[in-house]
Each structure stands twice: as structure tokens, then as C-alpha cells.
Amino acid sequence: MSAILSIRDLRKTYDGGFEALKGVTLDIEKGEILALLGPNGAGKTTLISMVCGITTISDGQVTVDGHDIQAEFRAARSLIGLVPQEIALQPFETVLNTVRFSRGLFGKSRDDAHIERVLRKLSLWDKKDTQITALSGGMKRRVLIAKALSHEPRVLFLDEPTAGVDVELRRDMWGMVADLKADGVTIILTTHYIEEAEAIADRVGVINKGELLLVQDKDTLMAQMGKKQIEVQLAETLNAIPPVLSDFGLRLGAGGNSLIYTYDTKGERTGITGLLNAVSNAGLTLRDVQTRQSSLEDIFVDLVAGGTA
Amino acid sequence: MNLTAVWAIYKFEMQRFFRTLLQSFLSPVLSTSLYFVVFGAAIGSRIQEVEGVSYGAFIVPGLVMLSVITQAISNASFGIYFPKFTGTIYELLSAPVNFLEIVMGYVGAAATKALFIGIVILLTATFFIDLQVAHPVAMVVFLLLTCLSFALLGFIIGIWAGNFEQLQLVPLLIVTPLIFLGGSFYSISMLPPVWQTVTLFNPVVYLISGFRWSFFGLADVPIGWSLLAIAGFTALCIAVIWWIFKTGWRIRS
Ligand SMILES: Nc1ncnc2c1ncn2[C@@H]1O[C@H](COP(=O)(O)OP(=O)(O)OP(=O)(O)O)[C@@H](O)[C@H]1O
Ligand SMILES: [Mg+2]
């Protein structure tokens, strides 16, 4: 496996001395979709801006398909498309002009068929001669996407592409991301919607206070999420798990008066009935039973809270 | 060299100009006509000739310079300030282009617009006076270099400006006085000796003098100095812009 985007110990200290990124190292494989999660001010946009050449790099190295983004900026940047977080468009231009301009700026020769395909895919074709000022917010965001796709990037950064976008458009966007992935485009997106990461990402990265806390396969995370916990509260206080219950892989709760059992909701048999029978057979008295499901959100909240402590 | 990108920027900028072509055309025609009416008719009736040239003809080079310089600065400064203001500069910064290509696109378009205005003024002037050009090649070179160098200056102003007021500030406080005091409407020899010396510190004097020489063969300062001044000014602007992009001053955080 070869990484199309390789980030090594990337750091950013802004002019005021604020350290927004504290050494991020990350490899992204060709054709994968990485979702970056993190609270406001975590450094997501800073990371993207540095890779795209908008913000200067304080320290570290980034290569795109083997091209260093500073030494070989032309080769590196021509592979990258960026949809920024903030909507930024020249107000009095038409949609078509704006999108054509982007293609030219990236050194690609004129290709009306490609531009038409992109605009149609984003449902903007009938707005092609409309001035930007006459578009709705969601349409403007789609124009930004069209601009980024106009020059056929191999790596696409989407900085909160679905912020302020209606449900239907969000679904469309997810579909578009899937199509791009099918074409072999690598996508890095940031989002505050965890279900979005669940829906489209291959891997999930969590960033907080300028540090990458975790990067993991979404399926691995999902497997953790697929796990449920049941806490059996007892009238008795135990020092250890009774030998008769050793087959269940139990954990003793804090205080010793509960047993924690983890099971897979996707498994054919949860083993709950067996456990409860075994508990009463062991002569223990049930006081209460509670279940818990860990979600990506829990994992995220735990991680971010852990970073604060 | 990413010429496709240069062309894309140039075309994009020129399209804005062509959308407002009538406006772009009318205002120089109108203002030139007004200058002829006010300066040519009112003052010209008292000053018939300056060094053997009719006053109406004498002011033409200054008039052209005045408009060309103002237009080159305002077009170029606005051209690059606007993307900063709207945030679309992100695209320029993330594109596979270097500073030279960005400058070529924006400054090239601004200089073209200024050149267009200059030509319109010259043509308008021929309706009022009989205009002769003694050194056509020198005239074109001066005109082109002026368009180019002041578009470069405008580009720097556009990068420097943090708001629309600052965008107007330099042209208003520095450039316009320098042009008016640079001998646009009079010959330096008409000034008292002290002011003749002071005036020599005004760079615009060299431009207007050289440009006027290309029309009438008469100059306030030697033509070589004029050429040197404009070439030096162009080089200075390019050096400043090179530094801006190297350091990312006011564009990259
Ligand atoms: N130009 C700048 N100068 C100084 N500090 C900055 C600058 N840009 C961003 N920061 C700071 O860097 C930190 C990270 O900002 P960044 O925009 O990368 O966050 P983010 O993860 O994208 O947040 P959000 O989810 O709100 O978009 C913030 O604390 C922010 O205040
Ligand atoms: Mg952000």
C-alpha cells in the first residue's frame, strides 16, 4: 500500500505564538475516505490549509503522491482540490465563469464536457448563467465543490461540506463522495456530524487541541460500537468473580457489587439468558440490570474529554 | 510556467471590464472633454503657447498620464484586493501557480485596461486639437511602461490594504498630488527656481516629461533620465512583489 498523502510531524504556530497544530503524522491511502472529527478550534482547518498551501508550514513535511508540497508545489497542488469551510466566491460572476476559471487556474486546458458533467452532477447546470449573488447558501456550497472538481483532483479536501446543508443535499453529497471514491479519488473531509463519518468514511481521525488523538478503521470502531454492555447489580459485595461464572468473561464493577458483561449485538446469541440463570444459580441476588451501548459519539466525547484532563 | 493559469486570470479580469465596457469607455471620454473645456478653453485663452506648442496640445500627454496612472493603480489594486476581501484568494494560494504568474495575470489585465483608457483619451483629444507624435515608438514604450509599472504599484497597494479606505488612501494622498504637481498641465520652466528644484524629486515629473518629449520633442528633464526613472520604478515594484510572495506578507498566515 502506498500513501497518496503523507503528513510528517506537521506543526503550526500562528503569528501570535499560538500553537494550533502540535506535530501531526498521518498517512492516507489512495482512494480512501478519511473523516476528521474534532471540536471547534481543534486545528482541522489549519491542517488542511497547510497541506493546500494557504497557510505557511511552521515545521514538518507533507508529500502528495511523492511530491513535496513546498519543493514541488506545482506537481503536488495540481493533484489537490479544496472545498473551504467558509463560502468564498466572487459575487458578480456567473456560475459557469467561476468554475471555468478554477480549471484554468490549475493549468488544465478547457474542457466544456467535463465542466458540464460536474455541474449536472451537482444540480447546478440550470443555474450555470446565474450570478453567484442570486444563489442560495446550499447552491453556493455546491459551486465551491464544482470549482474544486473542475480540475479533476486526485485528492479532495472537503472542510465541513455539509454544514448548513439540508438533508436531501447531504444525501446527494454522500452519494457524490461515493462516486468520487469509485473513480479512485482520495477524500479527506471534516465534519461535526458523527453520523456523516459513520456513513461515508473508511477511516476516522479524531483531532483535539492540535493533536491527532486517534486514527482508526471505521469498521473497527463500528465493531466497538456494535458491542453492548450489561451491568448486573447485586445485593452482595464480591471480592472476585465466582468460579462458576468464569466462562462469561465478566468484569467486576467498581465497589464489587456489580458484574459487567460485554456482548456483541450482532452475534446470533447474546448469552444474556444464560448469564442471568448462572447468576441466580450461583446464589447471587439481582438488584438491577442496566445496558449501555458505546457509540462513535461516546468514543469521541471520551477522547476529547481525556485530552482536556 | 503555467501559462494556462495566467491566461485564466487575465481573461477573468478582462471579462469584468468588458461587462462594463460602456462605463469604461464613457468616463474617460467625458473627463477628457471636460479637461479640454476647462483647461484648454479657459486657461488656454490666457496661455496660448508653451514652448511653441499650443496649450491644448501641451496638456494632452499629462492628461493621458493622469488617467493611465490612476486607472492602472485602481484596477490592479482592486483586482487583487477583491479576492482578499471575498476570501476567494484561497484558490490562488492553493493553485499550482507561482507569484510571477499571479502578477502577470492581474497586472497584465490592469495594464491592458489602463492602456485602453489611454488610447481612448488620445483619440478623444484628436477631436479637440491637432495632435502630432514626433517619436511614436518612444510614445508607445512610455505608455506601456507606465501602464505596467503603476499596475504593479496598484497590485502592491491591493495586497497591503486591509480595507476599502486604505485602498483609496495611497492614490488619493500620494499619487494624485504627485501627478498634478508633476507638470501635467504646465512646464516646469514656468515655476520659480526653488520649486523647479523641489519638483525634480517628484518621480512623475520624469514620466510626464519623457512622454511629452515623445509627442513634441521637448522635455523638462533629459529623456535618458526619464527612461531610467520608469525602468527603476518598475524594477522596484517587481522586487517588492517578489518579497511579498516570498514572505507571504498579508496573504498567508
Ligand atoms: N490566522 C490565525 N491566526 C491565529 N490563530 C488562528 C488563525 N487561524 C486559526 N487560528 C486558531 O487556531 C486554532 C485552530 O483553528 P482551526 O480553524 O484549524 O480549527 P477547526 O478545527 O477547523 O475548528 P472548526 O471546527 O471551528 O472549524 C483555533 O484556536 C484558532 O483560533
Ligand atoms: Mg474549521
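The contact between the two chains of this predicted model takes 26 residues from chain B and 30 residues from chain A, where contact means heavy atoms within 4.5 Å. Together chain B and chain A bury about 2,700 Å², and 58% of that area is on carbon and sulfur atoms. Buried area here is the accessible area (1.4 Å probe) that two parts lose on being put together, summed over both. On the chain B side, B:F12, B:Y90 and B:P96 supply 27% of the area that chain B buries against chain A, more than any other three residues.

Three salt bridges are counted between chain B and chain A, each a side-chain nitrogen of Lys or Arg within 4 Å of a carboxyl oxygen of Asp or Glu. A salt bridge joins the side chains of A:E93 and B:R19, at 3.2 Å from N to O. Nine residue pairs, both at pLDDT 80 or more, are in polar contact between chain B and chain A. A polar contact is a pair of N or O atoms within 3.5 Å; within protein, one must be able to donate a hydrogen and the other to accept it, and residues adjacent in sequence count only if both atoms are side-chain atoms.

The side of chain B that touches chain A draws at least two residues from each of α1 (3-19), α3 (55-86) and α4 (89-94) of chain B. With eight residues, α1(B) gives the most to that side. Helices (H or I, at least four residues) and strands (E, at least two) are DSSP runs, numbered from the N terminus. By class, the residues of this side of chain B are twelve nonpolar, nine polar and five charged. Nonpolar covers Ala, Val, Leu, Ile, Met, Phe, Trp, Tyr, Cys and Pro, charged covers Asp, Glu, Lys and Arg, and the others, Gly among them, count as polar.

Ligand 1 lies between chains A and B. It is surrounded by 15 residues, the closest being A:N40, A:K44, A:T45, A:T46 and A:Q85; a residue is near if one of its heavy atoms lies within 4 Å. Oxygen atoms of ligand 1 lie 2.8 Å from a polar side-chain atom of A:N40 and 3.1 Å from a backbone N or O atom of A:A42. For A:E160, an N or O atom in the side chain is 3.3 Å from an oxygen atom of ligand 1.

The model scores ipTM 0.88 and pTM 0.85. Chain B averages a pLDDT of 89, with 99% of the residues at 70 or above; pLDDT is the predictor's confidence in each residue, from 0 to 100. In chain B, confidence is lowest in strand β1 (residues 49-50), at a mean of 79, and highest in α4(B), at 95.

Residues are numbered from 1 along each chain as its sequence is written, while chains are lettered from A and ligands numbered from 1 in the order in which they are written. Local features need pLDDT of at least 70, side-chain atom pairs count only at pLDDT 80 or more, and totals for chains, interfaces and linings use all residues; side-chain values use heavy atoms, with hydrogens and water left out.
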